[in-house]
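Me: I would like to go through this model with you, starting with the terms and then the side-chain pairs. Shall we begin?

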Amino acid sequence: SQQDALKVDYIRVPLNKVNTLLDLMGEVTVDRIRVSEKIIDTKVFSKKIKKIQKTFNSLTDSIQKISGTDENDIGELIGKGRNELHLLEEEYRRTNESISEDLYYMDPIIDDLQKRIKDLRMLPCRTIFDTYPRMIRDIALKEEKEVDLEISGDDTEVDMKMLEALKDPLMHIIRNCIDHGIELPDERELK
């Protein structure tokens, strides 16, 4: 039924476990950055391979000129060396492309995972606002003032530590507004 589809199951998870996940996620993010930097660093290997190929080609050209032929043992060794250098360059290129591609596909997954773990710490503002109406009604009765409390945006989600830190300061502001910002009904009628 539609009501079952809207039903959400909850579990209680200690905050320290959520914080541990966030810390681990931070480590994964740092490692992802390191891998990205290492991929950039490996481009130096490609330049070195190309430099070795140029040097090898110059050397083999010189040897061939001296020997006059590439059909002998020296020519065969030169051909093998060139082939091995070419294979090394190809293997490097494939490996680098594979790692880069893996990282490319891993990046959005890591970002999404990090966001979802951070979302575990988010709570709707109503978790602290729900206690305000009664407290404000009690303060208004004690001060003999008329107060209309209107709360909006109570479904906005905020990190639970931030909410906890805001609870008392917000209540203090509201109390000051009632004490110093709202006139007694008799004083209001005189104006």
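This is a predicted model: local features need pLDDT of at least 70, side-chain atom pairs count only at pLDDT 80 or more; totals for chains, interfaces and linings use all residues.

Me: What does the secondary structure of the protein chain come to?
Reply: The protein chain has seven helices and two strands, in the order α-α-α-β-α-α-β-α-α along the sequence. Helices (H or I, at least four residues) and strands (E, at least two) are DSSP runs numbered from the N terminus.

Me: And what percentage of the residues count as buried?
Reply: Of the 191 residues in the protein chain, 18% are buried. The accessible surface is about 15,300 Å², and carbon and sulfur atoms account for 56% of it; such areas come from the Shrake-Rupley method with a 1.4 Å probe, and for residues only the protein chains shown count as cover.

Me: What about contacts between residues at least 6 apart in sequence?
Reply: In the protein chain, 86% of those contacts join residues at least 24 apart. A contact here means heavy atoms within 4.5 Å.

Me: Changing topic: how many aromatic pairs are there in the whole structure?
Reply: The search finds two. In tyrosine 104 and tyrosine 105, the ring centres are 5.3 Å apart and the planes stand at 80 degrees, so this pair is edge-to-face. The criterion is that rings of Phe, Tyr and Trp (its six-membered ring) have centres within 6.5 Å, with planes under 30 degrees apart counted as stacked, over 60 as edge-to-face and the rest as tilted.

Me: Is tyrosine 105 buried or exposed?
Reply: Tyrosine 105 is exposed, at 51% relative accessible area, and tyrosine 104 is exposed as well, at 58%. Phenylalanine 129 and tyrosine 132 form a tilted pair, 5.7 Å centre to centre with 45 degrees between the planes. Here phenylalanine 129 is buried at 16%, and tyrosine 132 is buried at 3%.

Me: Now the charged side chains. How many salt bridges does the structure hold?
Reply: There are nine, each a side-chain nitrogen of Lys or Arg within 4 Å of a carboxyl oxygen of Asp or Glu. One of them joins aspartate 107 to arginine 32, with the closest N and O atoms 3.6 Å apart. This pair links distant parts of the chain, since aspartate 107 is in helix 3 (residues 73–119) and arginine 32 is in helix 2 (residues 15–67), 75 residues apart. Aspartate 107 is partly exposed at 25%, whereas arginine 32 is buried at 14%.

Me: Which residue does glutamate 89 bridge to?
Reply: Glutamate 89 bridges to lysine 50, with the closest N and O atoms 2.5 Å apart. Glutamate 89 is in helix 3 and lysine 50 in helix 2, so the bridge ties together parts 39 residues apart in sequence. Glutamate 89 is buried at 14% relative accessible area, and lysine 50 is partly exposed at 42%.

Me: Where do glutamate 90 and arginine 93 lie?
Reply: Both are in helix 3, three residues apart, about one turn of the helix. Glutamate 90 is partly exposed at 23%, as is arginine 93 at 34%. Elsewhere, salt bridges that share partners join Arg32, Asp107 and Asp111 into one network.

Key:
Residues are numbered from 1 along each chain as its sequence is written. Side-chain values use heavy atoms; hydrogens and water are left out. Buried means under 20% relative accessible area, exposed over 50%, partly exposed in between (1.4 Å probe, protein chains only).
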